[in-house]
Each structure stands twice: as C-alpha cells, then as structure tokens.
Amino acid sequence: MEHAVLGAGAIGGLVGTAVASLGEGVTVLVRPERLPGYPANLSVERPSGAIAITAPAKVAATLTNPVDELWIATKTYQLKTALQAVQSLPRYVVPLLNGVDHVEFLRVHFGTHFGPHFGDDRVLPATIAVEAERIAPGRFVQRSPFVNLNLPASGEQVLGAIVARLRDLEFTCRFIQNEQTLLWSKLCFLGPFALVTSASGMNKGEIYADAQWKRKLISAMAEACAVAKASGAEVDAAQVQAIHIQAIYDGLPSGIRSSMQKDLASRRQLELDAIGGPIVRGGERYGVDVSTTAALIAVIGAKATE
C-alpha cells in the first residue's frame, strides 16, 4: 500500500521508518524549506537488543496523489496548519496525536473537504506510547524499550496485515473495540506522567524517590481515570493504576522524561491543553474533582511564561 506521514518528528519518523521497512511505499511530508537535502533513507536507532530500522522513503511538501493511509503525528497545536499540505483524498486517516479532542476535529475537517461521510468511518484514531526523538532530518532514536501501538477494532481489516508485521519489529500492538477506551487509556497514563514530570522538573526515578510527587502522580492518574470513565471509556481506576504503576512505570528506565518536560526545558510550545485540558474540562462537565491536575497545569503554565 501507499502511505504518507504528516509530521516528520519523533513519532512520525519512527512509524514512517517502520512501515517503509516492511516494503510499503511511504512519503514523508515536510515543510518546503526542508526539502533540499532531506535524506532518501530514514533510520531509527533503537535500544540495545532491538532491531535497528533503515528504509527508503519519498519526501514531499504537499500530498497531491491519493494514498491508502495518512498517518498524522504532528503536535496538536500544529495540526490545523499542517493539514494544508494534504491536497488529495486518503482512503484512511490514522492520527497518532496526544489527547482526545483532535479526533472530532479531523472527522469534521475531512468530512467538510471530502464529503460528509468520510470522517465518520475513515478516521481511525490510534495511540502510541514510546520515548523517541528526532536527532536530524530523517534520523530518529527510540529511547524506551517498548513501542505500544493501539488501534481501533474498526481498522483491523485495513491495518491488520501491517500490524502483524510491526510485531516482528517488536511493536506491541492491540486492536481495541471502544474508541473512548483506546484514547483515554493512553491519556490516563500520559497525562499524569507528563504533568508531574514537567511541574517537578524530575525524571521518573526522582519522582519515585519523592513521596510527595509520587502521591501527586497517583492522584492525577485517579482523576484522569474518573473523567475517562465518565466519558464512556471502559477503565477501572484501581486496575489502570496497578497496570501502569507496576508494569509500565516500574519498567521504565529511571532517567526517562516526558516529551512535555523536554519541550518545557527547551522553551518550545507545549501540548498542555491537549494533554491536560480534556481532564480538566471533563472534570467540570461531569462534576469530577480534578484539583491535582488543575494545580499541576497551573504550575507548568507559570514555568512556561517565566
């Protein structure tokens, strides 16, 4: 099949390289000024023991030819502008953005531009959990020992064959029936971790060694789970905490930091609203106490304006 990747940062680069290495056609969409000298081969450095990935890919500033899959991996605040590069109709759209609000935006956008029924069943929201970075144009590094890719069950017929081969590259992939469960399961993990690391300035190991910050992490996770459940996600707070605290957080390298924390340290724009906003707005909508989350957001907002 033919694929395009909108958002050639860490996540888009990792996914694009992996898909291209399977023999699929991949076009990476980049800003016009980045076209000259962009490498013909993508590469991903991976943790010790994992398979390094290198694969050829095309590069373009705009998508003018139809593709089977458009993978979107921009930052949420870049999405609206970035979509101007998509000038042809993809068969399916697979967004990998943080948060939950982008899904409805994309369905409205593609429905408006390509027909009212396009967005309903052709936007297949997915989530990915991995620590990765772009170190140069076309060159990426995977720092976490895992890549967890979750996709909607409605996309299994379309993406099943690719997902099966991604598992050979040590991707952990699941198809999830309930869309809200898919989206919120990541946010219940990502949101608290991103907010606590960014507000504290600490990495995972330092947070775990500090009783006060670890309590805030657990409290923020409980708040996110409560909002998720009220939003229709099939999540159980105790189970989610047990899974993420014991299996995921405890398995993460001690020095791991969140992307938001790195963006804050580098004075880049933050995805604060995309990651924390749905939890706070959901708390207001459903009458859920989200005071820990709101306080963390306030601390990060103050840091960002210093």
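This is a predicted model: local features need pLDDT of at least 70, side-chain atom pairs count only at pLDDT 80 or more; totals for chains, interfaces and linings use all residues.
Residues are numbered from 1 along each chain as its sequence is written, and side-chain values use heavy atoms, leaving out hydrogens and water.

**The overall build**

- You'll find 12 helices and 12 strands in the chain; these are DSSP runs (helices H or I, at least four residues; strands E, at least two), numbered from the N terminus.
- The radius of gyration is 19 Å, close to the 19 Å that the globule rule gives for 306 residues, so the chain is as compact as a globular protein of that length. That radius is taken over C-alpha atoms, and the rule is 2.2 Å times the number of residues to the power 0.38.
- Along the principal axes, the C-alpha atoms fill a box of roughly 50 × 45 × 40 Å.
- Of the 306 residues, 55% count as buried (buried is under 20% relative accessible area, exposed is over 50%, and partly exposed is in between, with a 1.4 Å probe and protein chains only).
- Take the contacts (heavy atoms within 4.5 Å) with a separation of 6 or more: residues 24 or more positions apart account for 68% of them.

**Charges**

- The chain carries 28 positive and 28 negative side chains, and the centres of the two sets lie 5 Å apart.
- Lys and Arg count as positive and Asp and Glu as negative, while His and the chain ends are not counted. Each charge is placed at NZ of Lys, CZ of Arg, CG of Asp or CD of Glu.

**The nonpolar cores**

- A nonpolar core is a set of buried Ala, Val, Leu, Ile, Met, Phe, Trp, Tyr and Cys residues joined through side-chain atoms within 4.5 Å.
- The largest one has 39 residues, and Val 28, Trp 71, Leu 159, Leu 166 and Phe 171 touch the most other members.
- Elements that each supply at least two residues of this core include α1 (10-21), β2 (25-29), β11 (148-152) and α5 (156-168). The most comes from α1, which gives six residues.
- Apart from this core lies another, of 36 residues, with Leu 182, Cys 188, Met 202 and Ala 224 among them.

**Val 28 and Val 59**

- Leaving aside neighbours within four places in sequence, Val 28 is in contact with residues including Val 5, Ala 8, Leu 42 and Val 59.
- Val 59 sits in strand β5 (residues 58-60) and is partly exposed, at 30% relative accessible area.

**Two positive phi angles**

- Glu 170 isn't a glycine, yet has a positive phi of about 70 degrees. This residue lies in the loop between α5 and β12 (172-176).
- Arg 267 isn't a glycine either, and has a positive phi of about 65 degrees. Its place is the loop between α10 (259-265) and α11 (272-286).

**A buried serine**

- Ser 198, in helix α6 (residues 179-200), is buried with a relative accessible area of 2%.
- Beyond neighbours within four places in sequence, Ser 198 is in contact with residues including Ser 258, Met 260, Leu 264 and Ile 300.
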